Amino acid sequence: MTPTRIRVEGESPYDVVVGSGLLGELPGLLGSGVQRVAVIHPHALAATGEAVRDDLAAQGYDAIAIDTPDAEEAKTAEVTAFCWSVLGQAGFTRSDAVVGVGGGATTDLAGFVAATWLRGVRVVHVPTTLLGMVDAAVGGKTGINTSEGKNLVGSFHPPAGVLCDLSTLDTLPRNDYVAGLAEVVKAGFIADPRILELVEADPEGAASPQGQHARELVERAIAVKARVVSADLREAGDREFLNYGHTLAHAIEKAERYQWRHGAAVSIGMVFAAELARLAGRLDDELADRHRSILTSVGLPVVYPKGAAAWPKLLDTMKVDKKSRGNLLRFIVLDGLARPGRLEGPDPALLAAAYAEVSE
Ligand SMILES: NC(=O)c1ccc[n+]([C@@H]2O[C@H](COP(=O)([O-])OP(=O)(O)OC[C@H]3O[C@@H](n4cnc5c(N)ncnc54)[C@H](O)[C@@H]3O)[C@@H](O)[C@H]2O)c1
Ligand SMILES: O=C(O)C(=O)C[C@@H](O)[C@H](O)[C@H](O)COP(=O)(O)O
Ligand SMILES: [Zn+2]
């Protein structure tokens, strides 16, 4: 399978490589002058992390593996501090590098460790989930959670390269694969309607890495992300569109103590955003309904089961969303297919009405 290379432009351009059996590309992406490499991986992928470490060691690097907690448990100040102390004890200097091997939680953590160690060392990501490949590992957003909310501490630190080895998806549980589809569908709604057509034509195939169009879906979603972050790394403008569905999603994740998959929360968040736009007269019924039908068809949730009682706390959490300015809540909404825009300071009654459409 010939690898595809998707270029991300900016101050330090890099490639997102999509294919299989890509480990041999790692030294090329690490670049010259690197002596020590820390491979940060989740505990569940210890064997994969060790294999990457062994491979690097065989190629002459002084490579260590850092075993971190699984999933969202990794995105904490404590785990970050643990990684810093491992790097310190191993004598990592500015010419050394970090490799993040795992899902989006791991690449967010690894990116943040790399961004902060000595004020920034090189990082290469090897995402092993669909969500990591199409979204988290690309674009340089790194971060951890605090008790007040999701991704509240972080930085923009683009990787030196991203290796998306599609064969790693074979061991990913179906639920996690489907969670990643939420970000793929997001890319479809905000920028690439062909994605929606491919999913609608074969929802069962879309929900599997063996599906006929799996690679095309991955590459199209990466292309959307690459295009947006190439033009606006620091989210001064249109990068905010990648946050479609995320304002409510992050509040749900916090309310659920990070036990929900990010993609599942984003799925409900997108239906909420579609309802907001519909109720505000900016989106027609058909496109709002298309959110529900496509997300449901691949097995993603479109209703938050905690009812009206959960709303006041969700609303409070949304106030610290990074798109808020002062007391003004801001949402990404659609004015049509692939026509994202912003909704600023919506009436509280409108917000409550949109929530009523996605809760039971
Ligand atoms: N930085 C960004 O731009 C960005 C974008 C989107 C999402 N995110 C973040 O990404 C995170 C979600 O990422 P995710 O959905 O990949 O979840 P995740 O990283 O929590 O991984 C999900 C689960 O899959 C396991 N896993 C990973 N790869 C596997 C494989 N190949 N085989 C078997 N199991 C495997 C993990 O150990 C974990 O238990 C969230 O924290 C979200 O905030 C960041
Ligand atoms: O890359 C971005 O920008 C995004 O918003 C992509 C999102 O899918 C991702 O979940 C991101 O981590 C959310 O960022 P945040 O700034 O809202 O924490
Ligand atoms: Zn996301």
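Mentor: Happy to! The shell around ligand 1 is made up of nine nonpolar, 14 polar and nine charged residues; here Ala, Val, Leu, Ile, Met, Phe, Trp, Tyr, Cys and Pro count as nonpolar, Asp, Glu, Lys and Arg as charged, and the others, Gly among them, as polar. A residue is taken as near a molecule if its C-beta atom, placed from the backbone, lies within 6 Å of it.

Keep in mind that this is a predicted model, in which local features need pLDDT of at least 70, side-chain atom pairs count only at pLDDT 80 or more, and totals for chains, interfaces and linings use all residues. Residues are numbered from 1 along each chain as its sequence is written, while chains are lettered from A and ligands numbered from 1 in the order in which they are written.

Of the 32 residues around ligand 1, the nearest are Ala71, Gly103, Gly104, Ala105 and Thr129. Helix 4, helix 5 (130-136), helix 6 and helix 11 (262-279) each give two or more residues to this shell; helices (H or I, at least four residues) and strands (E, at least two) are DSSP runs numbered from the N terminus. Both domain 1 (4-171) and domain 2 (174-358) supply at least three residues to the shell around ligand 1; the domain bounds come from an automatic or database assignment.

Ligand 2 has around it Asp135, Gly139, Lys141, Asn151, Glu183, Glu235, Arg239, Leu242, Asn243, His246 and Lys322. By class, that shell has one nonpolar, four polar and six charged residues. Here too, domain 1 and domain 2 each contribute at least three residues.

A database record points to part of this region: an unreviewed UniProt entry annotates Glu183, His246 and His262 as "binding site". These residues span 80 positions in sequence, yet no two of their C-alpha atoms are more than 10.2 Å apart, so they gather at one spot. UniProt positions follow the numbering used here, with shortened feature names, and annotations may be inferred rather than shown by experiment. Glu183 is part of helix 6 (residues 174-190). From UniProt also comes the feature "domain: 3-dehydroquinate synthase C-terminal" (unreviewed entry), at residues 180-324; that span is 63% helix and 0% strand, and its end C-alpha atoms lie 26 Å apart.

Now for how the two domains meet. Their C-alpha centres are 26 Å apart, and 30 residues of domain 1 are in contact with 28 residues of domain 2, contact being C-beta atoms, placed from the backbone, within 7 Å. On the domain 1 side, strand 1, strand 2, helix 5 and strand 8 (149-156) each give two or more residues. Helix 5 has the largest share of that side, five residues. This side has 15 nonpolar, eight polar and seven charged residues.

Strand 8 belongs to a hairpin with strand 7 (residues 141-146), with two residues between them. The two strands pair in the antiparallel sense over five bridges; strands pair if DSSP finds at least two bridges between them.

Seven strands in the order 1-2-9-6-5-3-4 make an open sheet with mixed pairing. Strand 1 (4-8) and strand 4 (62-68) are the edges, each with a single partner strand, so one side of each has no neighbour in the sheet. Strand 1 is antiparallel to strand 2 (residues 14-19) over five bridges, and Ile6 is opposite Val16 in strand 2.
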